Amino acid sequence: MSDKHIAIIGAGIGGMTAAVTLAKKGIKVSIFEQAPELSEVGAGLTITPNATKGLMYLGLEKQMKEVGMAHTQQGVRHFETGEMIVPLERGEKMLEKYGAYQFQAHRADVHNVLIDELKLHNSNTIYTNHELIDLNEKNNSVELVFSNNETHEVDFVIGADGNRSAVRKIILGDDDPQFAGYVAWRGLVPVELLGEDDFDECGSSAFIAPGRVFARYLVRNGELYNYVAFLATDEWAEEGWAIPSKVDIVMDIFSDYNQQVKNIIAATPANDLFKWGIFAREPVSKWSTKNITLLGDAAHPLEPFMGQGASLAIEDGVVLGRIIEDSESSDEIVSRYEAARIERAHFVTEHSKRAGARFTGIDPEKYTKEEHKNEEELGLFNYHPGDVIV
Ligand SMILES: Cc1cc2nc3c(=O)[nH]c(=O)nc-3n(C[C@H](O)[C@H](O)[C@H](O)COP(=O)(O)OP(=O)(O)OC[C@H]3O[C@@H](n4cnc5c(N)ncnc54)[C@H](O)[C@@H]3O)c2cc1C
């Protein structure tokens, strides 16, 4: 299929990874993004070694070292005392064990790495202001219909349009995401607003309490603290990446946390605090029709407790690009891609859900190293999307 024209709906991390993979293989790709521009919205992301290996396959290791931080220590800690419960070795240890670093970075910086790379290979292929509203699938092609009244015809479509995917709705029907029982706040705090005691050897920590998690890590060369503060609740919240919130609300919910956490919350600039509701779906065993498939959050939205959302989308993008390159037909793409990815995505979906329940559902005094079965303990870092047999 390397002589075909592929459309990607959604220029997020997953869509852009697929685009770069295809463009580097000389495959014609057009990306359609609903937003008027590819903006700086978002905060921190974790790119674990499984995904870093995908970016290395695309030749982006140097760029990731420039924008990402490979913290040497990570840990699960007691909310009140800050005491380390589960220390996790990162940094060079990741390189030794898995052949790739774990990075934490601003989403916009990772996004820009992918956009810049795409421009080197295949310019003028990102159409912004293109909200997909319909797809008309024919035997060997697909017509794309946009809200700006444009239509385009391509050979194969990748729906990388996130948790509220229009492509998914068109091809799989009505399985709307359900509120997963967590509201989260994310903040970005310039470090110059903090004091010496607000930092320690652990560049990345998750402080756990009954019903709550506060995870914070440094990004942008240590210039910013990124945090995500989760509250388990039955109250439904709006979904979206840019719903403003207030420092007082977060402070109130985390008022019994240790002083370092409270200082970070208190220092959050008013325009850099957003909230969102966590929405999930039941895993499905089919992501595709004959000429259309899904990747990333559109295929398998995850609860964010193992930091695998972006990483799994990167894996999908690389694997799908490799399969498109050497498949003879759309049928072959779909069957090889689903065989390669669905089982792994279901596994990560299930364990991300369990991780949230584990973090928030237990008295931290009783949380043990043995209890902690997260991304590394489950073997997720061994995967190599550029090398796995597909
Ligand atoms: C603006 C934004 C900010 C985010 N910030 C964070 C963050 O701070 N921390 C974090 O952990 N995760 C964040 N995420 C989510 C994270 O990027 C994803 O969970 C993960 O990277 C999987 O990516 P994805 O490519 O599957 O989906 P997404 O990153 O959600 O990308 C989907 C893309 O599709 C576009 N799109 C949606 N519908 C249509 C349509 N009908 N037609 C055309 N385009 C469409 C969206 O505008 C978006 O650009 C953010 C996502 C977005 C969209």
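**The ligand shell and the strands of a predicted model**

By class, the shell around the ligand comprises 16 nonpolar, eleven polar and six charged residues, where Ala, Val, Leu, Ile, Met, Phe, Trp, Tyr, Cys and Pro count as nonpolar, Asp, Glu, Lys and Arg as charged, and the others, Gly among them, as polar. The model is predicted, with local features needing pLDDT of at least 70 and side-chain atom pairs counting only at pLDDT 80 or more, while totals for chains, interfaces and linings use all residues. Residues are numbered from 1 along each chain as its sequence is written.

The ligand is surrounded by 33 residues, of which Gly10, Gly12, Gly42, Gly162 and Gly296 are the closest; a residue is near a molecule if its C-beta atom, placed from the backbone, lies within 6 Å of it. Helix H1 (13-24), strand E3 (44-47) and helix H9 (309-325) are the elements that give two or more residues to this shell, helices (H or I, at least four residues) and strands (E, at least two) being DSSP runs numbered from the N terminus.

Strand E4 (residues 73-78) runs antiparallel to strand E5 (residues 84-89), and five bridges join them; two strands pair if DSSP finds at least two bridges between them. Gly75 has Pro87 in E5 as its bridge partner. E4 and E5 form a hairpin with five residues between them, and Gly82 in the turn has a positive phi of about 80°.

Five bridges join E8 to the antiparallel strand E9 (residues 142-146), and Asn136 stands opposite Glu143 in E9.
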